[in-house]
Amino acid sequence: MTESGKPILYSYFRSSCSWRVRIALALKSIDYETVPINLIKDGGQQFSEEFQALNPMQQVPALKIDGITIGQSLAIIEYLEETRPTPRLLPQDPKRRAQNLSVLKQVGQENQLTWAQKVMRSGFNALEQILRSTAGKYCVGDEVSMADLCLVPQVANAERFKVDLTPYPTISRINKTLLALEPFQVSHPCRQPDTPPELRA
């Protein structure tokens with residue numbers, strides 16, 4: 001924790017996992033400080049000894065909060081959900097929660113450049129089908145959930161890798177609706193402290 005008592009998010013502007021956490025923090029109105037990845041690397045090559053000691057996984061995001069450091073985006077979001085339950089990111093209704101986890105499984109996959117398009121299309125094909133039965137305004141009904149936090153960064157990844165989103169009207173509609181919400185806008189990669197000037201909005 002810093003002297004101000006704010007949580008610290010170790011982040012990278014383009015990391016979809018970091019973006020998920022930024023959205024959760026914004027939705028829950030948690031004031032935090034960002035430490036960009038380039039500030040925790042020695043000579044821009046490897047993580048500093050301080051960060052390695054803090055987060056042995058040496059990955060972003062990592063959140064320092066309540067005297068502990070948590071790595072892995074979904075673990076961070078789950079901790080925030082347990083300790084700061086308003087607004088709720090997992091539906092209270094067990095059936096809706098199960099649907100949310102089904103959607104989450106599809107959008108939470110990480111992809112490598114060489115096979116990104118194939119994997120994303122495969123995931124989106126399945127997700128589009130699931131969303132037809134779970135979606136309301138958002139992925140699961142009409143309240144923002146963890147699935148939505150994962151969806152938006154994943155759609156951004158798909159756009160970056162030139163995946164044609166035409167076959168996925170439900171995904172596209174939900175993504176557009178979410179991007180109009182302030183927490184999704186303030187957490188956007190184009191508005192982060194380490195966003196290169198040419199990529200800023």
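**Exercise 1. Classify L199 by its accessibility: buried, partly exposed or exposed?**

Step 1. L199 has a relative accessibility of 34%, so L199 counts as partly exposed. The classes are buried, under 20% relative accessible area, exposed, over 50%, and partly exposed in between, with a 1.4 Å probe and protein chains only.

Step 2. The model is predicted: local features need pLDDT of at least 70, side-chain atom pairs count only at pLDDT 80 or more, and totals for chains, interfaces and linings use all residues. Residues are numbered from 1 along each chain as its sequence is written, and side-chain values use heavy atoms, with hydrogens and water left out.

Step 3. L199 is found in the segment after α8 (182-186). Helices (H or I, at least four residues) and strands (E, at least two) are DSSP runs, numbered from the N terminus.

Step 4. Not counting residues up to four places away in sequence, L199 touches F13, R14 and C190. Contact means heavy atoms within 4.5 Å.

**Exercise 2. State how many helices and strands the chain has, and in what order they come.**

Step 1. The chain has eight helices and six strands.

Step 2. Starting at the N terminus, the elements run β-α-β-β-β-α-β-β-α-α-α-α-α-α.

Step 3. Of the 201 residues in the chain, 46% count as buried. Among contacts with a separation of 6 or more, 66% join residues 24 or more positions apart.

**Exercise 3. Describe the open sheet and find its edge strands.**

Step 1. The open sheet has four strands in the order β2-β1-β5-β6, and the pairing is mixed. Two strands pair if DSSP finds at least two bridges between them.

Step 2. β2 (33-36) and β6 (68-71) are the edge strands, each pairing on one side only. From one strand to the next, the twist averages 20 degrees.

Step 3. Strand β5 (residues 62-65) pairs with β6 in the antiparallel sense over four bridges. Opposite L63 stands I70 in β6.

**Exercise 4. Identify the strands that α1 and α3 lie across.**

Step 1. Helix α1 (residues 16-27) lies across β1 (8-11) and β5, and runs at about 155 degrees to β1. Axes are lines fitted to C-alpha atoms, for helices over the stretch in contact, and angles run from 0 to 180 degrees between N-to-C directions.

Step 2. Helix α3 (residues 73-83) lies across β5 and β6, at about 130 degrees to β6.

**Exercise 5. Check the span of α6 and decide how covered the helix is.**

Step 1. Helix α6 covers residues 146-160, which is 15 residues. The expected span is 1.5 Å times one less than the number of residues, so α6 should span 21 Å.

Step 2. The end C-alpha atoms of α6 are 22 Å apart, which agrees.

Step 3. α6 is mostly covered, since 12 of its 15 residues are buried. Among them are M146, L149, C150, V152 and P153.

Step 4. N157, in helix α6, counts as buried because its relative accessibility is 12%. Leaving aside neighbours within four places in sequence, N157 is in contact with S16 and M120.

**Exercise 6. Work out how α6 packs against α1 and α3.**

Step 1. α1 and α6 pack at about 140 degrees, and their axes are 9 Å apart. The two helices are therefore oblique to each other: angles under 35 degrees count as roughly parallel, over 145 as roughly antiparallel, 65 to 115 as roughly perpendicular and the rest as oblique.

Step 2. The crossing of α1 and α6 is right-handed. A crossing is left-handed if the near helix is turned anticlockwise from the far one by less than a right angle, and right-handed if clockwise.

Step 3. S16, W19, R20, I23, A24 and L27 of α1 meet L149, C150, V152, P153, A156 and N157 of α6.

Step 4. The axes of α3 and α6 come within 11 Å and cross at roughly 145 degrees, and this crossing is right-handed. L74, I77 and E78 of α3 make the contact with M146, L149 and C150 of α6.

**Exercise 7. Locate F161 and state whether F161 is buried or exposed.**

Step 1. F161 sits in the loop between α6 and α7 (169-179).

Step 2. The relative accessible area of F161 is 16%, so F161 is buried.

Step 3. F161 and A116 are 45 residues apart in sequence, and their C-alpha atoms are 7.2 Å apart in space.
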